[in-house]
Amino acid sequence: MKSKVRFKGKMRLYLSWPLYLTILLVLADVGLYFYDTATGVVLSVFTAVYLTVETCLYHYMKPQLTNEIVNFAMQYATVQRRLLNEFEIPYALIDYTGKILWVNERFAELMGVDKNYHKSITTLFSAVTREFLQKNNGPQNVRVNKQDHIFRISLNRIYFDDITEKSTAIEVNGSEDFLTALYLFDETELNQYKTENIEQKQVSALVYIDNYEEALDSIEDVKRSLLVALIDRKVNQYFTKRDALVRKIEKDKYFVVFKYKYLSQMMEDKFSLLEDVKTVKVGNEMAVTLSIGVGIKGSSYNEGYEQARAAIDLALGRGGDQVVVKEGEEISYFGGKAKQVERNTRVKARVKAHALHEIIESRENVIIMGHGITDVDALGAGIGIFCAARVLGKKAQIVVNDPTSSIRPLLECFSPEKGYPEDLFINSEIALEMVSRNTLVMVVDTNRPSYTECPELLKHTDTIVVFDHHRQSSEVIENPILSYIEPYASSSCEMVAEVLQYFQDGFKLSSAEADCLYAGILIDTNNFMTKTGVRTFEAAAYLKRSGAEVTRVRKMLRNDMACYKARAEAVRHAEVYRGAFAISVCPSEDVESPTIVGAQAANELLNIIGIKASFVLTEYAGKIYISSRSIDEINVQLIMERLGGGGHLNVAGAQLTNCTISQAKHKIMQTLDDMIKQGDIQE
């Protein structure tokens, strides 16, 4: 490194001012020549001698002064070095190649080296390499683990030019080399305290018995107290092993508080309490299932409890028999393998009917919409709500953007010629013009805002009602004033049919309206073969009494030849993966409603012996639609959730974007492999 040392600043001015006085003498000498030439000559000689002597003294004294300044600086630096050497923070100086130039006593003691350790810093910290030092210009922080300690290494470059720029006496030019100052902070104890603080954080949980009444009704009276006691024991044993506080707040509800450090244990065993409580048998035909909501939120106990409330609502909305862990915006799901328990009571339907009656009555108009690519169930539910609004004298319209061939025969039943409003069915653009803050937006057959026909519509009103039979996910419609989500229901049409029975005295449906609702139930239950319960048949009986005709509905639901051939092709080219999963692709060319045909093909594949679940992929409108079906052994909803979709235990689906058919098939296979490996699917 070559450099030139010279004075600058006040030191240079101090040494140079005698030379500057020569200028004054010269000016004075010039003035004397006008008055007295002899005196001017004398002063000229004096000035010349003065300049000569001063120049000699300047050049003679400069090295000595420089030496004195350097000696002072060294003495000053010695004091600084001693202070730095005894500095409590471990400190080291490294050159630009990574070689250790100097370390203080604390660094040497902590690293177990001597003061003359001049090897590469990489020998102590492998993460701090020569390339790393030369690549990063600004201050850097690196965390490393060494000898059961956690260190934070703070690195800062020191350029020679930067040092001399701050000097008021000398400067060094032409240097591009640098040193690196390394500060070492032992954060082992700090991280230990942080970990302990997090582990001690309170976690709130709510535990609900899903089918308390149904389980008690299935056994003798004398055994009921025993069943309850055994369930209490299972719940208490599971949580008290983890130092938890368990309190029964109602006959079928528990409030639990435990430390955060035990949550990971519960998640690792996938909340084995869910399966353990199903083993309680005292003559009850129905296995007892639990829903658990776990909430973690900041340091506030109230916020943690509210998170637990939101988690349990989500668990119940997804059909129960599962655990939902809600930590801020992050949500984890466990369980959910059991079939949903059907409620025999109609109290909830009656309550929702009265609430819906009051809401519609207090609003100016009603806009109804289902999910994108409206199907028969969404249309039937929409027609039912239209009938409810009509009874109350309110204008109601249904958003249908692109009617498919599957619903076109039903739409023809509600033409102006048959007495229905000309603007009964509208598109999204018209809906956005019609909506106001006093409009009720009714969402049916979906509870995800992104899946609706017009998501933007939800932002233009304060009154939203949701009727759906799909399990909830982390994406939900925010702040609905009425939410009726029942995963055990076969279809949205079943739910609406139940509500209409209690909506208003003397309420009647026309035969066409009853046909539409009946068609929705028929499609979603695959002709009453899946997800049918007592209330499904009761809803169908109500619609039959209202004039629904099975033959008429069947004619409207028939497929054309192109759809039938596409479904046959999907079944014909199906691949069997792992001997139990049928995966196929449904052709979309010349098919108006390929997604519906794909769903029909998925149902057909379940008729093959040995098939536990079917997956049919359909490419349509720039997306890959997946229809998945199972009979009873596989929960396809959990599989579809991993792909960003959802649905029911036996009926589910997903939509993939920026993906090809082959990539989508690979994703399904990979998901199946992962879930089998993790034990979520039993082969």
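This is a predicted model: local features need pLDDT of at least 70, side-chain atom pairs count only at pLDDT 80 or more; totals for chains, interfaces and linings use all residues.
Local features need pLDDT of at least 70, side-chain atom pairs count only at pLDDT 80 or more, and totals for chains, interfaces and linings use all residues. Residues are numbered from 1 along each chain as its sequence is written, and side-chain values use heavy atoms, without hydrogens and water.

Rings of Phe, Tyr and Trp (its six-membered ring) pair if their centres lie within 6.5 Å; planes under 30 degrees apart are stacked, over 60 edge-to-face, and the rest tilted. The count comes to 14 aromatic pairs. Tyr238 and Phe239 are edge-to-face because their ring centres lie 5.2 Å apart with planes at 90°. Buried means under 20% relative accessible area, exposed over 50%, and partly exposed in between (1.4 Å probe, protein chains only). Tyr238, at 7% relative accessibility, is buried. Phe239, at 1%, is buried too. Phe503 and Phe507 also pair edge-to-face, with 6.2 Å centre to centre and 65° between the planes. Both of these residues are buried. Ring pairs link Tyr91, Trp102 and Tyr183 into a cluster.

A charge sits over a ring if NZ of Lys or CZ of Arg is within 6 Å of the ring centre and within 35 degrees of the ring normal. Arg152 lies over the face of Phe185, 4.4 Å from the ring centre. Lys253 lies over the face of Tyr208, at 4.9 Å.

Thr671 is buried, at 10% relative accessibility. Contact means heavy atoms within 4.5 Å. Beyond its neighbours within four places in sequence, Thr671 contacts Ile639, Arg642 and Leu643.
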